[in-house]
Amino acid sequence: MDGDPGSEAYQSQQLNRKQTGAVGAATSAVRGILLQPLYLWYRTPLKLFRPLRVDYLATARALLPQEILSQRVSLRGSTLGMIANAVKQRGWSFVPRYVLQPMAANWTIGFALFTTYTAILPAAYAQASRQYFINSNEALPWYPPVLAGASAGLAQSIVATPLDSLRMRFEVEDMVSGRYRSWWAFASNHMSVVGLKGLYRGLRLTMSKDILGYAAFFGLFEMVKNETIDLYREMFDIVPLTIPAVSSIVVDAIYYKKRRLWKRQIDDVQFQLAQLDSMDEKKESVMLQAISNDNNASDVIKGVYEGGLKTWECSIDLLGYIVDNFEGLSAHLHGRRVLEIGCGTALPSLHILKSVPGVSVTMQDYNKDVLELITIPNVLCNTILEPSGDSTLGDKSHVDGDMETCEIHVDSRRMQMLFGKDADKIIGERDIPQLTDLEVQEADRKLLSRPSLATQCEFIGGGWEEMEKEMCRLGRQHTFDLIVTSETIYETSTYKQLHDLLACMLAKPGADDSIDGCSWPMVLVAAKSLYFGLTGSVLSFSQYVASQGVFDVEPVWQSGGSMNREILRLTWKAAVQ
């Protein structure tokens with residue numbers, strides 16, 4: 001009989017299985033070695049979190065004719081071809097019984113690995129960073145991702161060992177012959193036979209392998225990822241205040257607390273980009289991609305574009321909080337400096353510029369292009385180019401329900417600046433009725449100098465680490481009485497850079513720095529309580545700040561609801577002052 005261990009047929013069958021297993025193991029090892037570097041191109045190695053411990057195609061493959069399996073390339077031998085053949089032979093019930101059930105087992109392993117790693121990594125970074133001093137240029141130590149990877153490997157081994165045990169006892173002939181009506185029936189039968197102790201036989205070996213393997217992998221992964229992001233990090237750059245080289249700017253009205261601000265439309269930015277032939281090709285592609293992905297430009301391209309084209313919800317929360325709680329803001333900030341980090345559309349800065357005479361506002365964003373295309377136009381459209389009822393300026397307003405849009409005619413303002421009331425007549429008499437490039441430059445210079453706007457505003461492009469180093473080099477540390485930032489704590493990997501920048505830039509308190517019951521200077525951080533799919537949260541950031549021993553942190557506002565948003569206030573600890 002074929003089932004007799006002493007028979008020639010049985011021994012031949014076992015030899016074929018061993019040879020097949022050896023070839024499969026060698027093939028998997030080579031494939032793993034070749035494909036492993038590709039995982040490093042992904043921000044999160046997604047394929048790693050779906051490890052294949054159970055072959056969900058084993059039964060479907062066994063149902064294929066031998067001539068199909070022997071072909072090197074065949075549509076019927078593909079995944080869909082094998083499943084289609086199995087469904088044709090056994091019916092649609094084959095899919096949930098023999099395909100989805102082993103797939104679910106693999107997903108369970110991946111879930112254990114992923115959730116453990118993402119939960120441990122932020123805590124490991126926060127714990128490790130306690131030994132570092134503020135403004136240290138040292139990078140965070142190497143071991144947090146190694147520790148998180150080892151913990152993830154431990155969690156995976158606990159879930160995967162029973163499946164490995166079942167896989168060792170798996171015989172595809174049992175499935176094909178109908179002995180087990182589903183993969184779960186096979187698993188249940190063998191679990192009842194071998195018991196819990198049998199299922200976890202080999203746990204120590206699996207645990208050692210997974211702990212060491214994933215510790216090494218994630219340590220290397222985070223190191224390569226950070227080095228790769230550094231290659232794209234933009235350097236510190238002070239961006240000059242200039243009027244865009246366009247004839248008009250289209251803006252939308254933002255209403256808040258019976259006040260109004262103007263914000264440039266994304267469509268208008270897209271139109272300007274399409275007209276600029278001299279723009280750097282790489283930067284143009286980044287901005288156009290950000291706009292084309294979503295008309296709100298909400299997609300973040302890590303290390304390249306950080307979402308500055310969109311007005312995020314927490315920016316509006318921060319704006320409302322400032323209006324509601326700082327009645328003495330104008331008196332306290334007159335003649336002082338404000339910094340907005342990750343400004344984007346810069347709504348809080350716009351309100352402060354319009355409400356506080358003599359204030360100086362510095363606006364920072366990772367992307368220089370965001371400053372030039374969104375931030376600076378927004379500042380101009382709320383100050384020297386603000387829409388007015390003067391019909392001679394040629395502005396075109398449109399109101400549709402709660403939406404108000406205005407096309408600000410920039411060229412009309414330039415003409416009036418140069419030629420006054422006779423502007424239309426002088427330009428109309430020309431062969432080409434428009435301003436020359438030199439006239440545009442002269443008009444822009446006069447427009448920008450009238451209210452001394454250039455001395456009130458400053459725009460800085462680049463990363464936080466570069467800004468901290470350069471501001472310290474220039475001797476400008478501890479110069480800002482109020483620092484505001486919104487939607488900037490969505491990744492735990494940036495906490496140290498942001499915290500160090502705040503500690504470097506925030507002014508030290510003086511004798512008169514207490515107003516409205518608040519301790520000045522202060523930092524206001526607006527953020528979502530939890531960023532789904534990302535590592536950051538208000539809680540983890542608060543814990544990180546507290547672990548550094550530099551700032552007192554307290555929540556001062558919450559939105560409530562299912563998607564809760566919060567505002568934190570950071571002030572100097574008494575021991576640090």
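Biologist: Why is Cys 504 called buried?

Modeller: In this predicted model, Cys 504 has a relative accessibility of 0%.

Biologist: What makes Cys 457 count as buried or exposed?

Modeller: The value for Cys 457 is 8% relative accessibility. That is under 20%, so Cys 457 counts as buried.

Biologist: How many disulfides does the rule give?

Modeller: The count is 0 disulfides.

Biologist: What makes the phi of Ala 346 worth a remark?

Modeller: Phi of Ala 346 is positive, about 65 degrees, although Ala 346 is not a glycine.

Biologist: Where is Ala 346, and is the residue buried or exposed?

Modeller: Ala 346 sits in the loop between β4 (337–341) and α14 (347–355). Its relative accessible area is 0%, and the limit for buried is under 20%, so Ala 346 is buried.

Biologist: Which value of phi does Glu 487 have, and where is Glu 487 placed?

Modeller: Glu 487 is a residue other than glycine with a positive phi, near 55 degrees. Its place is the loop between β9 (482–486) and α21 (495–505).

Biologist: How do you know whether Glu 487 is buried or exposed?

Modeller: Glu 487 has 7% relative accessibility. Exposed would need over 50% and buried needs under 20%, so Glu 487 counts as buried.

Biologist: What share of the protein chain is buried?

Modeller: Of the 577 residues in the protein chain, 47% are buried. The chain's accessible surface comes to about 29300 Å², and carbon and sulfur atoms hold 56% of that surface.

Biologist: How many helices and strands are there, and what share of contacts joins residues at least 24 apart?

Modeller: The protein chain has 22 helices and 14 strands. Among contacts between residues at least 6 apart in sequence, 71% join residues at least 24 apart.

Biologist: How do you know what confidence the predictor has in the chain?

Modeller: The pLDDT of the protein chain averages 78, and 77% of the residues score at least 70. Over residues 13–50 the pLDDT is below 50, and beyond near neighbours in sequence this stretch has 30 contacts in the model. Residues 129–138 also have a pLDDT below 50, with 24 contacts in the model beyond near neighbours in sequence.

Conventions:
Residues are numbered from 1 along each chain as its sequence is written. This is a predicted model: local features need pLDDT of at least 70, side-chain atom pairs count only at pLDDT 80 or more; totals for chains, interfaces and linings use all residues. Side-chain values use heavy atoms; hydrogens and water are left out. pLDDT is the predictor's confidence in each residue, from 0 to 100. Contact means heavy atoms within 4.5 Å. Helices (H or I, at least four residues) and strands (E, at least two) are DSSP runs, numbered from the N terminus. Buried means under 20% relative accessible area, exposed over 50%, partly exposed in between (1.4 Å probe, protein chains only). A disulfide is a pair of cysteine sulfur atoms within 2.5 Å. Accessible areas come from the Shrake-Rupley method with a 1.4 Å probe; for residues, only the protein chains shown count as cover.
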